[in-house]
Amino acid sequence: MSPATIGLASFGGALLLLLLGYVVLTAPGAWFPAASPQSWGPRDASLTRGSGAIDGDVLMIDAAEPGSTAVLSIKADIRSTDYRAIAWRLANVPEQADVRMFWRSDYAPAKMNSVPVTVAAGHLLPVDVSREATWIGRITGLALAIRTTGAQPVQFLGVTAKPRGALELLHDRAGEWLAFESWTGVSMNTITGGAAVQDLPLPFLLAAAAALAMLAALLLLRRFSPIASLPLALGAIFVAAWIVADLRWEWNLARQAIATRDQYGGKDWQGKHLAAEDGKLFAFIENVRAKLPPAPARIFVVAEAHYFRDRAAYHLYPHNVHFEPYRDMLPPSAALRAGDYLVVYLRRGIQYDAKAQRLRFPDGSTLAAEVQLAEAGGALFAIR
Amino acid sequence: MDSVTLSLGLLLPWALGVAALLAARDAARPLAAPGEITWLLGAGYLAGALLLTFWMRALSLAGVRFGAAAIALPLLAVAGALLILAWRRGGGARSIGAMREAFAPPAVTGLARAFWWGLLAWIALRFALLALEVASRPLFPWEAWIGWATKARVWFEFGRITEFVGAREWFAATGNAWFDASPANPATLPLLQVWASIALGNWDDALMNWPWWQIAVALTLAVYGGLRRLGATSLEALVGAYFVASLPLANAHVALAGYADLPLAAYFAVAVLAFLQWAGTRTLRDAALAACFAAACPLIKIVGAVWLLALLPGVTVALAPRQGRKLVAIALGVIAAALVVLAQTSFVVAGHPLHLDFAPAWTSFSDSLFLLGNWNLLWYGVIGAALLAWRQSLTPPLLPLAAIVATGLFLVSILLFFPGSAQWLADAPGVDRAMLHLAPVLVVFMVLAFRAFDARWTAAHPLPIAPDAASATAATQR
């Protein structure tokens, strides 16, 4: 057997061995349970505290005052001995949120039991209930309490009761590794590598398997092949591990390329922007541009959200644009002069007196101006 | 038609750079030498892109409006003249023969041959997927549209380089200066976007980003060629090029083009590869080439000046291995001590506080390196290679590269331990993006360190000679 083959076989063996070890350590009960996972979607849930609404397949739980609690409950009927983990699928959960899972059983119907739930990267880690003394009898209700500290709505996508058999565990891990990770605003800094929260990150598993395989290759080569060829075996193991990690990434890239083509394919650059996340803003700015004189006009852009402020400014170039890149601050009204333009987009606090044709800024100062364009959420003013 | 002119326009810097490197290279070095052609193709694009932007700067200074003819015709003439010069110096027929040899598959058989072709196909698929993204997606990442493409749009529309200033200067100006979030950003990358738009004939903030894809392809070619020139076998060099081409975070910077981090990583890596070549040959030509690519780093991103400094320890140990090693260790130690002092004190100089808070984000750092998908297995590989070849890393020929890598990691660790140090640089990135600047060089180190380990191991454990071979050897000696 060639050293490379010994290396590759060792790597395959080490990978299987580590996966087996993972199952031994993490499967709390039977490896092949009779029960199958049971799921509940947003339409099966009710908000007993807090407010929200279903949007497509997601229950959007409204942002509440800091410190207030939203409670989500579900009627269930499952045998506690069949299900050893509860996986809540939520997104946008603030890192500082205090989250607890509650359940009620027919063993003590009056008693409400609870455990804390860990928040990671805006999601919830699965709750292992196999060692909970009060997880007994038939479970008749599940609930989740989220004491928020953030101001963003939390998305509830569903909850699944899991028997946590060996195959299900491996299936879940594979699902996490292969979960589609689309481009986001943080993709320039971080590629998660699948699901946002992973119980067994693939790079770590591959590196551990490679290290184990290298040890195995060293022993095997000592016995069956010239030890001089050890570097070849080590190299083959590392390259194989890299390729496995890269297969996952290439698969993700391919799905992303299809999604990108579906969103933008066959469109000119303006069509692409209209199809982009800020399509509405782009359409508004195109209308603004139609009202402006030939570039370069001096334009001030204001919006509360820095994304809209900065993006609107970008769409206005090559005009001579001013925007506050990082803070929601208005330009001093004294800086605006006749001939300048002001674009206001989703920004409270700026008022326009149509009769007097004057803009009023939050600090009380006013400025003579004329409305050039007014649409829902946005307006263009010419300073006089 | 637009796609034809765009393609031709994108090929212009490539042709120009390859012609320039061909004309400048040592004619005594055969073109058919391992990696020579791929190095020329890779480094050539990066050189050509720079030359193109130098010419655009010159046109703007001279008051000549940007246009396809004003930019392309003189550069085509220069490229043609350089090619003729190179043809005469190198012998045209020999060049064609060398091309044939360069693109011939390596002399490997069986599984290794299948692996070679499979890996090439895999790399090609990667670049095809990235090409789909670049061709389709309008400018996406945040900094790209608040501090880079802003300039490209204005310069494209007005046909010249206009001044970009900070808010205070903008308010004081009379409309002849523009504002964006990063007015000090160098002009090189926006000018490449301007050129792509001119070649296309209109503004298109998706298609103008093709240079990012070209830079990634050029980097892959240059890493392959550079590793071959440094003695790696064709399979080792291809694996190194594949590692560079498949780094997920680098891929993200191509698909979501518009940031300067990947271009900076490419120029820095090519500077290091050219420097390592010089460390072997000690010729003035190689030194000049390495210096040119190193000098380009601050022209890509301001923080490139810091990476330029990272080359100095490499130069020091290349010139004087034993004393240089001590000198570099002392210098890094002194800087580390100074940082510790700044963390413990509250000096104020000219109104600027020099205190640095020690606030490493260990969890996110270790997650990024070892658990997330940013780097595939790069960091495990770098640690493994360093452990396997730690002794060779302390002596030439690996020592200069090891010194650069150590200094690079030291610089990144400053950002990690003292996040406040980012304020000292106008465009200091986060730790992840700083590591991207170093990542291709780390791949080069990984491959060369592994080679060094391989050589040491093979020397220490010679293959047993078969009895037939032993008797044949004995007969020959007799």
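**Chains, domains and contacts**

Author: The model is a predicted one. Within it, buried residues account for 38% of the 384 residues of chain A.

Reader: Which elements does chain A have, and how does its radius of gyration stand against the globule rule?

Author: Chain A holds seven helices and 20 strands. For 384 residues the globule rule gives 21 Å, and the radius of gyration of chain A is well over that, so chain A is more spread out than a compact globule. Its C-alpha atoms fill a box of roughly 90 × 70 × 35 Å along the principal axes. The radius of gyration itself is 29 Å.

Reader: Into which domains is chain A divided?

Author: The domain assignment places residues 33–164 of chain A in domain 2 and residues 273–383 in domain 3. Domain 1 is written in two pieces, 1–27 + 165–265.

Reader: What separates the centres of domain 1 and domain 2 of chain A, and how many residues of each make the contact?

Author: Taken over C-alpha atoms, the centres of domain 1 of chain A and domain 2 of chain A are 32 Å apart. On the side of domain 1 of chain A that touches domain 2 of chain A there are four nonpolar, one polar and one charged residues. The contact draws six residues from domain 1 of chain A and ten residues from domain 2 of chain A.

Reader: How does the radius of gyration of chain B stand against the globule rule?

Author: Chain B has 20 helices and four strands. The globule rule gives 23 Å for its 478 residues, and the radius of gyration of chain B is close to that, so chain B is as compact as a globular protein of that length. Of those 478 residues, 51% count as buried. The radius of gyration of chain B is 24 Å.

Reader: Which helix gives the largest share of the side of domain 1 of chain B that touches domain 2 of chain B?

Author: Chain B is assigned domain 1 (2–104 + 114–269) and domain 2 (310–459), and their contact takes 24 residues from domain 1 of chain B and 20 residues from domain 2 of chain B. On the domain 1 side, H9(B), H10(B), H11(B) and H12(B) each supply at least two residues. The largest share, six residues, comes from H12(B).

Reader: Where the two chains touch, which element of chain A gives the most residues?

Author: Between the chains, 53 residues of chain A are in contact with 59 residues of chain B. Helices H3, H4, H5 and H7 and strand E15 of chain A each give two or more residues to the chain A side. That side divides into 33 nonpolar, 13 polar and seven charged residues. With 17 residues, the element that gives the most is H4(A).

Reader: Is H7(A) roughly parallel or roughly antiparallel to H6(B)?

Author: In this contact Asp310(A), Arg311(A) and Tyr314(A) of H7(A) meet Trp145(B), Ile146(B) and Thr150(B) of H6(B). The axes of H7(A) and H6(B) lie 10 Å apart, at an angle of about 10 degrees. Angles under 35 degrees count as roughly parallel. Therefore H7(A) and H6(B) are roughly parallel.

Definitions and conventions
Residues numbered from 1 in each chain as written. Chains lettered and ligands numbered in written order. Predicted model: local features only at pLDDT ≥ 70, side-chain atom pairs only at ≥ 80, totals over all residues. Contact = placed C-beta atoms within 7 Å. Nonpolar A, V, L, I, M, F, W, Y, C, P; charged D, E, K, R; others polar. Rg over C-alpha atoms; globule rule 2.2 N^0.38 Å. Buried ≥ 20, exposed ≤ 12 C-beta atoms within 10 Å, placed from the backbone. Axes fitted to C-alpha atoms, helices over the stretch in contact; angles between N-to-C directions. Parallel < 35°, antiparallel > 145°, perpendicular 65-115°, else oblique. Domains from an automatic or database assignment.
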